[in-house]
Amino acid sequence: MDGLYRLMQSDERYPVNLGNPLEMTILEFAERILKFTGRSSQVVFEPLPEDDPKQRRPNIDKARKLLGWEPRVDLEEGLSQTVDYIAATVSPRP
């Protein structure tokens, strides 16, 4: 949220990547989410679009330079906090 707030307060009108520079595959990310949720959902594999990026490591240099921003919460802690928040605020399905 801090990065979004800083971006909104800036005069920048072009995209600024506020991602996490930790490189991982979508499968690795999905597996971490499953771990934190304790769910046994299946990961479904679909054909990749032709323009799908082969590397997913966001470059946040512009955010660091322009906004003085970088992630302060690591992925594991962020996922844990997100799952806890959703569990406390969303009603379970009947």
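Asp61 counts as partly exposed because its relative accessible area is 46%, where partly exposed lies between buried, under 20%, and exposed, over 50%, judged with a 1.4 Å probe and protein chains only. The model is predicted, so local features need pLDDT of at least 70 and side-chain atom pairs count only at pLDDT 80 or more, while totals for chains, interfaces and linings use all residues. Residues are numbered from 1 along each chain as its sequence is written, and side-chain values use heavy atoms, with hydrogens and water left out.

The partner of Asp61 is Arg64, and the two form a salt bridge (a side-chain nitrogen of Lys or Arg within 4 Å of a carboxyl oxygen of Asp or Glu) in which the closest N and O atoms are 3.7 Å apart. Both residues belong to helix H3, where a spacing of 3 residues amounts to about one turn of the helix; helices here are DSSP runs of H or I with at least four residues, numbered from the N terminus. Arg64 is likewise partly exposed, at 35% relative accessibility.

Glu12 and Lys62 form a salt bridge whose closest N and O atoms lie 3.2 Å apart. This pair connects distant parts of the chain, since Glu12 sits in the loop between H1 and H2 whereas Lys62 sits in helix H3 (residues 61-67), 50 residues apart. Glu12 is partly exposed at 25% relative accessibility, and Lys62 is partly exposed with a relative accessible area of 33%.

The structure holds 6 salt bridges. Among the residues involved, Arg32, Lys35 and Glu76 are linked in a network of salt bridges. In general terms, side chains of opposite charge can pair when their charged atoms come close.

Helix H2 covers residues 26-37, and Leu27 is found in this helix. The relative accessible area of Leu27 is 33%, so this residue is partly exposed.

Conventions: Helices (H or I, at least four residues) and strands (E, at least two) are DSSP runs, numbered from the N terminus.
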